[in-house]
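The stops below are meant to be selected in order.

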Amino acid sequence: MSEKIVEKRLSEIAGMITRRESWGWLSNGPKWHYFVDGRSLCGRWLGLGLGELEQGMDNSPDNCAECRRRVVKRKVDLEANQK
Ligand SMILES: [Zn+2]
């Protein structure tokens, strides 16, 4: 594969992730959870009526511990699938 094609694929993947998933904060709890397709990775929440959404804070102490564990695994899996 040429470098240009690799670059294009990587930006497509990044765009996909940004659109479909991110950290979200719900007004009824102190913790941030990671939502994918409207459902938190820890399985406790649905992302309806999300107050705020944010990317790139995977190591924040305010994150749900379960979501944090799963998001790390998820990113490793996503990367492995691209090889
Ligand atoms: Zn969670």
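Two strands are taken as paired if DSSP finds at least two bridges between them. Helices (H or I, at least four residues) and strands (E, at least two) are DSSP runs, numbered from the N terminus. This is a predicted model, in which local features need pLDDT of at least 70 and side-chain atom pairs count only at pLDDT 80 or more, while totals for chains, interfaces and linings use all residues. Residues are numbered from 1 along each chain as its sequence is written.

**Whole chain**

Start with a cartoon view of the protein, which has two helices and four strands. Read from the N terminus, the order of elements is α-β-β-β-β-α. Of the 83 residues, 17% are buried; a residue is buried if 20 or more other C-beta atoms lie within 10 Å of its own, exposed if 12 or fewer, and partly exposed in between, with C-beta atoms placed from the backbone. Two residues are in contact if their C-beta atoms, placed from the backbone, lie within 7 Å. Among contacts with a separation of 6 or more, 56% are between residues 24 or more positions apart.

**Strands S1 and S2**

Select residues 21-25, strand S1, which runs antiparallel to S2 and is joined to it by five bridges. A hairpin of six residues connects S1 to S2. Within this pair, pick Gly-24, whose bridge partner in S2 is His-33.

Now colour S2 by burial. Four of its five residues are buried, so S2 is largely enclosed by the rest of the structure.

**The core**

Which residues make up the largest nonpolar core? Show side chains for Trp-23, Trp-32, Tyr-34, Phe-35, Leu-41, Cys-64 and Cys-67, seven residues in all. Strand S2 (residues 32-36) gives the largest share of this core, three residues. A nonpolar core here is a set of buried Ala, Val, Leu, Ile, Met, Phe, Trp, Tyr and Cys residues joined through C-beta atoms within 7 Å. In soluble globular proteins, nonpolar side chains tend to be buried together.

Centre on Trp-32. Beyond its neighbours within four places in sequence, Trp-32 is in contact with Trp-23, Gly-24, Trp-25, Ser-60, Asp-62, Asn-63 and Cys-64.

**The turn into S3**

Move along to S3 (residues 39-40), which is antiparallel to S2 and joined to it by two bridges. Val-36 has Arg-39 in S3 as its bridge partner. Two residues lie between the strands of this hairpin. Select Asp-37 in the loop between S2 and S3: Asp-37 has a positive phi of about 50 degrees although it is not a glycine. With 7 other C-beta atoms within 10 Å, Asp-37 is exposed.

**Glu-54**

Finish at strand S4 (residues 52-54), where Glu-54 lies. Is Glu-54 buried or exposed? Glu-54 counts as exposed, because it has 11 C-beta neighbours inside 10 Å. Draw a distance from the C-alpha atom of Glu-54 to that of Trp-25, 29 residues apart along the chain; the separation is 8.7 Å.
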